[in-house]
Amino acid sequence: MSKLITGILAHVDAGKTTLSESLLFKSGVIRTQGRVDAKDAFLDHNAIERQRGITIFSKQANLSDKITLIDTPGHVDFGAEMERALSVLDCAILLINASNGIQSHTRTLWNLLEEYKIPTLIFVNKMDLPDTNREVLLAKLQKGLSAGVVDFSCECLFGKDFNEQISGLDYDLLEKYLNGGVPDIEDILRLVSERKLFPCVFGSALRNDGVDELLDVLNKYFAVPQTGDEFGALVYKISSDCQGNRLTNLKVTGGALKVKEYLGEEKINEIRIYNGEKFEQVNEVGAGELCTVVGLKDSFAGKAYGAAHGVTDFKLEPALIYAVNIPDGLDDTKMLQILHGLEEELPEIHVEYSKQEHEIHVMLMGVVQTEVIKTILRERYGIDVTFGEGRIAYKETILEPVVGVGHYEPLKHYAEVHLKLSPLPCGSGMRLACNLSVEQLDTNWQRLILTHLREKTHVGVLTGSPLTDMEIEVTAGRDHLKHTEGGDFRQSTYRAIRQGLMGAKSILLEPIYAYEAVVPNNCVGRFMADLNKMHGTCALDETSEDFSTLHGKVPVATMQNYLNDLRAYTKGQGVLGMVVCGYEPCHNQDEVVAARGYDPDADQENPSSSIFCAHGAGFLVPWNMVKEYQDIK
C-alpha cells in the first residue's frame, strides 16, 4: 500500500524532537513520550545524538498505515543530511518556534521546499509560552513566507473568513466562490498539492496541544501521490548497522521491490522496514514506501533505479575545509580509505588528499560536525583524530565563453577534444552538453567524453578550487581508427578544460551567509557599521521597544567568528543565526589568490598543455600554442 512520506523540518531548538515524540504518542506508536533532556527520545537513539541532545541522522517511523514520518536534523551543520531526505518526501511539516518566528535557517528550509516542490504544513510550536499572539504570528508568516499560509485550526475551518482566504489563492476557485460556491475538500487537496495553500496549525508539542489537529489536517488534506506499475527506486541515504552492514535507504517510486531481485548488477540480500531503532524483514515493498536494502555496494544518495529520477545537484554544501590530523602509526592511505567509506554516508564531506600540502582534507559544514566525525571514527574504528582550523572553501567560474582544446598523441595514441566553456548564473552548478552528430564523432566516444567530464572534480586556475556555474559543451572531437584507446579521450578531455581556463577570464567565488540578527536598539548602529566593514548587506526587518531584527548576506570569511563579538558588545543580549546560502564573487579575490600561491602550470594532475606527434615521437605544446597545432579547424 502506497504511503504518505512526510518529514519534520525545523530550525534548531524549535522543538522538532518533542513534536516527533508527540506525533508518535498520539498515533499509538509509543506509550510514553521521551524527552531530549532525558536522552530517551524514540528517534534520537544514536549514542552521539543522545549525548549532544540534537538530531544528527534522519530516521523513519510509521505513524499509521497511511503515514511514514522522517525525522531530520535541525542543526545547520547537518543540513545536507536533511536535504537528502527531501528527495523522497511527499509532504513536509515545517516547524516554527512561536518565540522566534521566521529565522535564517527557516528561510533556507522554505526555499528548499519550494525547490523540491514539496507540499507543506506549518506547525507553530511553543504557543504555551508568554507573549505569543496567533494573529500576529500568522500575519508574519503570510508576509515572510507566503500569502497562502492559512490557519487550519478547528474553529477556523470553512468559516466565512476561511473560505474567502482559500478562494483568493486560485483563479478557478475564486470564480466558483463568486458564483455562490464554497471550497470543498477536493479544492483544498488540489491547492495544497500545487503549493498554493499551506495549512497552518498552532499548538505546543510539549503539552500535546494542537497535535491532534495537525494529524487531522495531514490525513484529510494531504493526498498520497499516485504511483505507476513501472519499477523505480530512489536512494536518499547510505548508512550502516551495528554489525557493519552497508545499508541503502531508498523509496520505491513505482512497481515493487523483492528480495533476491537485482538492482542493476547487484542482488538484494535483505529488505528491512525500520521503525525507529528496530526493523522487520520483509520479502517485498510496494510503490510509495520507504525501505532499507542490504546487498548494494555501488548505491549512493541521489542514485535512481528503473524509472525513477535521480538527484545530482543537492543545494546545501559545506563552506569550510579542515585538515585531518591522523595519529602516529596510521598511514595516509589507510585513513583515506576509512574516510572515503564515511563519505558514502556523509557525501557532503568531500574527502581529498592534497599532494601539494601532503594533507588529507575534508569539507564540513561547521565545528559541530567535526566533533561528530571524531566520535564516529573513535567508536567505529578506534581512531582518534583532530582537525586543523577550518578555512574557506572557495570555488571558481568564468565571466565569458571560451573554447578549450585538448590533444593527446604520444606514439600509437590519438584523441582530440574541443570544449566550449560558458558561464551560468550564480547557483547553477555544472552542466554538460553534447550535440555532435555520429558523422562528427562516434556515439561511444561522445559518451566517453561526457563520462570523463563527470568523473572528477575539475578545478580552476586561480586557486585550484572546484569549478561551478558553468556549462561545458562538447563541440568537436576526433579519434584514430587504429590508435585511439579510451584513456586517450580522458587525457584530451582533461587538457581541453584546462587549456580553455588558462585563456579565460576566471573569477573566484566565496561562500555567503544569510543571517538574521536580533540586537538591542542601542547597538543597531554598531551592528550595521560592522556589517559594512565585513562587506555584507543589512536590512531592518522590525523594531520593538527594546530590540531590532535585521537580516542580510555577508561573506563567510568575514563573519565566521563574529558571534563572540556580538555577544560581548550587547552584553549577551544579541542573537545571531547564520546559514550558508550560496556562492558569490569574492570580495578580496586578489588577496586570496596571492595567499594561496597556486601555480596552474605546476599542477601535474591538471595539465593545460597538449601532446602532439611528429617524426615518430610525441612532443609537448604549451596551452597558449595548442590552437596553432590542433587538427580540427
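Accessible areas here come from the Shrake-Rupley method with a 1.4 Å probe, and for residues only the protein chains shown count as cover. On that basis the accessible surface of the protein chain comes to about 28,900 Å², of which 48% belongs to carbon and sulfur atoms. The model is a predicted one, in which local features need pLDDT of at least 70 and side-chain atom pairs count only at pLDDT 80 or more, while totals for chains, interfaces and linings use all residues. Residues are numbered from 1 along each chain as its sequence is written, and side-chain values use heavy atoms, with hydrogens and water left out.

**The chain as a whole**

The protein chain holds 18 helices and 33 strands, these being DSSP runs numbered from the N terminus (helices H or I, at least four residues; strands E, at least two). Its radius of gyration is 27 Å, which agrees with the value near 26 Å that a compact globule of 633 residues would have; the radius is taken over C-alpha atoms, and the globule rule is 2.2 Å times the number of residues to the power 0.38. Along the principal axes, the C-alpha trace spans about 90 × 65 × 65 Å. Among contacts (heavy atoms within 4.5 Å) between residues at least 6 apart in sequence, 71% join residues at least 24 apart.

Buried residues make up 53% of the 633 residues, where buried means under 20% relative accessible area, exposed over 50%, and partly exposed in between (1.4 Å probe, protein chains only).

| Residue | Relative accessibility | Class |
|---|---|---|
| Thr549 | 13% | buried |
| Met430 | 36% | partly exposed |
| Arg207 | 55% | exposed |

Thr549 lies in strand β30, residues 547-555, and, leaving aside residues up to four places away in sequence, touches Glu516, Ala517, Val518, Ala539, Leu540, Asp541 and Glu542.

Met430 belongs to strand β26, residues 430-434. With the same exclusion of residues up to four places away in sequence, Met430 touches Leu467, Thr468, Asp469, Met470 and Ile472; for Thr468, which is 38 residues apart from Met430 along the chain, the C-alpha separation is 5.4 Å.

Arg207 sits in the loop between β7 (198-202) and α9 (211-221). The side chain of Arg207 makes a polar contact with that of Asp128 at 3.0 Å, a polar contact being a pair of N or O atoms within 3.5 Å, of which, within protein, one must be able to donate a hydrogen and the other to accept it, and for which residues adjacent in sequence count only if both atoms are side-chain atoms.
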